[in-house]
Amino acid sequence: MAALTWNDALALQQPRMDDTHREFVDLLNAVEVALQGESLPLEQALDRFVQHTEAHFAQEDDWMRRVGFAAQNCHSLQHAQVLELVREVHRRLRDEADVEVVHALVPALAEWFPMHAQSMDAGLVQSMQEAGFDPETGALQHPLPAEAEALAGCGSGRGG
Ligand SMILES: [Fe+2]
Ligand SMILES: [Fe+2]
């Protein structure tokens with residue numbers, strides 16, 4: 001069974017983010033399938049997942065900066081923590097042939113992702129809409145006033 005299945009509850013009505021999240025789900029499932037020895041070599045599948053996750057989080061972190069989130073905001077910090085874990089699992093697979101850590105990682109991420117998407121990513125989409133930010137063009141219609149500069153809250157947009 002797939003570790004995580006795409007469903008409507010994961011769609012946040014932000015096309016770029018939703019596409020990236022569908023790819024996240026697909027690549028996580030590819031790691032799961034590789035663990036069963038049914039497709040790509042495991043290291044290759046995990047490699048793809050790590051590279052995609054780096055780009056996925058970097059994209060959202062960039063959008064947060066553009067709409068006015070503080071650099072040390074809670075959403076970005078969670079990305080950094082998850083990425084550190086994923087990279088450590090990648091290193092242990094590569095250097096120590098530790099497959100067990102990958103077995104533990106996949107269900108943990110499958111549980112983490114829907115919570116993250118429905119709270120922090122949904123909050124980011126809301127802030128992007130409020131700011132009139134178009135990620136395709138970089139246009140920002142309603143720059144935030146200076147006093148609203150630090151959007152450091154977790155998950156529910158401004159100050160949440
Ligand atoms: Fe995301
Ligand atoms: Fe995120």
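**Figure 1. Burial across the chain.** Buried residues account for 27% of the chain's 160 residues. The model is a predicted one. It holds 4 helices and 0 strands. Read from the N terminus, the order of elements is α-α-α-α. Take the contacts between residues at least 6 apart in sequence: 67% of them join residues at least 24 apart.

**Figure 2. The largest nonpolar core.** This core has 16 residues. Which of them touch the most other members? They are Leu-28, Val-31, Ala-45, Val-102 and Val-106. Three helices each supply at least two residues of this core: H1 (15-35), H2 (42-67) and H4 (100-130). H1 gives the most, with 6 residues.

**Figure 3. Close-up of Val-31.** Val-31 is among the residues that touch the most other members of the largest nonpolar core. Set aside its neighbours within four places in sequence. Val-31 is then in contact with Ala-45, Leu-46, Phe-49, Val-102 and Val-106.

**Figure 4. Helix H3 from end to end.** H3 covers residues 74-96, which is 23 residues. From its first C-alpha to its last, H3 reaches 32 Å. That is close to the 33 Å expected at 1.5 Å a residue. After H3 comes Ala-97. The phi of Ala-97 is positive, near 50°.

**Figure 5. The buried residues of H3.** Which residues of H3 are buried? Look for His-75, Ser-76, His-79, Val-89 and His-90. Against which helices do the buried residues of H3 pack? They pack against H2 and H4.

**Figure 6. H2 against H3.** The two helices pack at an angle of about 165°, and their axes are 10 Å apart. Angles over 145 degrees count as roughly antiparallel, so H2 is roughly antiparallel to H3. H2 passes H3 in a left-handed crossing.

**Figure 7. Residues at the H2–H3 contact.** On the H2 side, the contact is made by Leu-42, Glu-43, Leu-46, Val-50, Thr-53, Glu-54, Phe-57, Glu-60, Asp-61 and Met-64. On the H3 side, it is made by His-75, Ser-76, His-79, Leu-83, Val-86, Arg-87, His-90, Leu-93 and Arg-94. Leu-46 is in contact with Val-31. His-75, Ser-76, His-79 and His-90 are buried in H3.

Definitions and conventions
Residues are numbered from 1 along each chain as its sequence is written. Chains are lettered from A and ligands numbered from 1 in the order in which they are written. This is a predicted model: local features need pLDDT of at least 70, side-chain atom pairs count only at pLDDT 80 or more; totals for chains, interfaces and linings use all residues. A nonpolar core is a set of buried Ala, Val, Leu, Ile, Met, Phe, Trp, Tyr and Cys residues joined through C-beta atoms within 7 Å. A residue is buried if 20 or more other C-beta atoms lie within 10 Å of its own, exposed if 12 or fewer, and partly exposed in between; C-beta atoms are placed from the backbone. Two residues are in contact if their C-beta atoms, placed from the backbone, lie within 7 Å. The expected span of a helix is 1.5 Å times one less than its number of residues. Axes are lines fitted to C-alpha atoms, for helices over the stretch in contact, and angles run from 0 to 180 degrees between N-to-C directions. Angles under 35 degrees count as roughly parallel, over 145 as roughly antiparallel, 65 to 115 as roughly perpendicular and the rest as oblique. A crossing is left-handed if the near helix is turned anticlockwise from the far one by less than a right angle, and right-handed if clockwise.
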